[in-house]
Amino acid sequence: MKSDRIVEVNNLEVRFRLDNGVVVNAVKGVSFHITKGETLALVGESGSGKSVTAMTLMRLTEYAGAEITGGSMQLRKNNGQVVELRDQPSSVMQDIRGADISMIFQEPMTSLNPVLTIGSQISEAIIRHQHKRKKDAWKVALEMLQFVRVPEAEKRMKQYPHNLSGGMRQRAMIAMALCCRPSLMIADEPTTALDVTIQAQMLDLMKLLQKEIGMSVLFITHDMGVVAEIADRICVMLRGEIVEQGDVYEIFEKPTHPYTKALLAAVPRLGSMSDKDQPEKFPILKMRDTFELQRRQ
Ligand SMILES: Nc1ncnc2c1ncn2[C@@H]1O[C@H](COP(=O)(O)OP(=O)(O)OP(=O)(O)O)[C@@H](O)[C@H]1O
Ligand SMILES: [Mg+2]
């Protein structure tokens, strides 16, 4: 693997075997890489294999009954060592998740425990991965909350997730994901459920934190507006395959695959908002358009 790369995935194949014997080939020959400090956006319609690709990188799909049937997934760990993720025993994967790769989701409650205070769950992650003492871990957790710009962080440490607003919960989840300074953060539609203003704040915050820590990000989204905002490069997925990938400017300028063209056709052109009084959210490509596209192919 080239020395500036954090992750390199080659010809990854993942399938599910359902109870009725049906086989779902969710990921078919997927290859991509992410360099240090870079944000790669994984885009594509619902069911195209984005989450399965990301979860497989963390070796979590096997718990949902998936099997990796081909390919390789190399990771450069925080300590510089390159490992093949497919070969790691589950005990090592447990250390890698959290310390080297961490993940944030659309719904913060999937990673926050409702019955633990914000402070105790962030410090617990720090105790587990950095082997710090309780008091020191609490101090680092507080610094992390301040780092993600949570106001009144000291007070928030002693509160439960339900005491926080949606935007604050999202920040607490990011603090938890970042507390061990992972070299890769996977963000699976982290802003989709947020309103437009909070979404913009989250994207700004993520860009800022990424710069400060120098980590790489795999950002999954449907929204080409978000891609334009945050990504350096894009991979476009369609039915389990990557149909196009490259530099974000080049692809926005000259998409070659019809599906990428259709995705981008839904994004307003520069200047097209000049007769509107209010800002608008970018439209998301409708499923109907996608089906028509598939028929035409
Ligand atoms: N636990 C599972 N069991 C069986 N099939 C699954 C499972 N999880 C995902 N799949 C299948 O794998 C394929 C890819 O799903 P995936 O969740 O990766 O899509 P996605 O691109 O993340 O979609 P979305 O944008 O809706 O999140 C789909 O055909 C899906 O039905
Ligand atoms: Mg998904």
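Biologist: What is the strand order in the open sheet of 4 strands?
Modeller: The order is β2-β1-β4-β5, and the pairing is antiparallel. Strands here are DSSP runs of E with at least two residues, helices are runs of H or I with at least four, and both are numbered from the N terminus. Two strands pair if DSSP finds at least two bridges between them.

Biologist: Before we go on, what kind of model is this, and how is it numbered?
Modeller: This is a predicted model, in which local features need pLDDT of at least 70 and side-chain atom pairs count only at pLDDT 80 or more, while totals for chains, interfaces and linings use all residues. Residues are numbered from 1 along each chain as its sequence is written, chains are lettered from A and ligands numbered from 1 in the order in which they are written, and side-chain values use heavy atoms, with hydrogens and water left out.

Biologist: How many bridges join β4 to β5?
Modeller: There are 3 bridges between β4 (residues 66–76) and β5, running antiparallel. In that region Leu-75 stands opposite Val-83 of β5.

Biologist: And what does α1 touch?
Modeller: α1 packs on the sheet and touches β1 (5–17), β2 and β4, contact being heavy atoms within 4.5 Å. The direction of α1 makes about 115° with that of β1.

Biologist: Which residues have a positive phi without being glycine?
Modeller: Among them are Asn-11, at about 50°, and Arg-59, at about 60°. Asn-11 is placed in strand β1, and Arg-59 in the loop between α1 and β4. Most residues other than glycine have a negative phi.

Biologist: New topic: what is the order in the open sheet of 6 strands?
Modeller: It reads β6-β7-β8-β3-β9-β10, with mixed pairing. β6 (101–104) and β10 (241–247) are the edge strands, each with a single partner, so one side of each has no neighbour in the sheet. From one strand to the next the twist averages 15°.

Biologist: How do β3 and β8 run, parallel or antiparallel?
Modeller: β3 (residues 39–43) and β8 (residues 216–221) run parallel, joined by 5 bridges. Val-43 stands opposite Thr-221 in β8.

Biologist: Which strands does helix α7 lie across?
Modeller: Helix α7 (residues 196–213) lies across β3, β6, β7 and β8, at about 160° to β8. Helix α6 (residues 166–178) lies across β6 and β7 (184–188), at about 170° to β6.

Biologist: Now the ligand: how many residues surround ligand 1?
Modeller: 14 residues do, counted when a heavy atom lies within 4 Å. The closest are Ser-46, Gly-47, Lys-50, Ser-51 and Val-52. The largest share of the shell, 3 residues, comes from α1.

Biologist: Which polar atoms lie by the oxygen atoms of ligand 1?
Modeller: Including N or O pairs within 3.5 Å, a polar backbone atom of Gly-47 is 2.8 Å from an oxygen atom of ligand 1, and a polar side-chain atom of Ser-51 is 2.8 Å from an oxygen atom of ligand 1.

Conventions: Polar contact = N/O pair within 3.5 Å; in protein donor to acceptor, adjacent residues only side chain to side chain. Axes fitted to C-alpha atoms, helices over the stretch in contact; angles between N-to-C directions.
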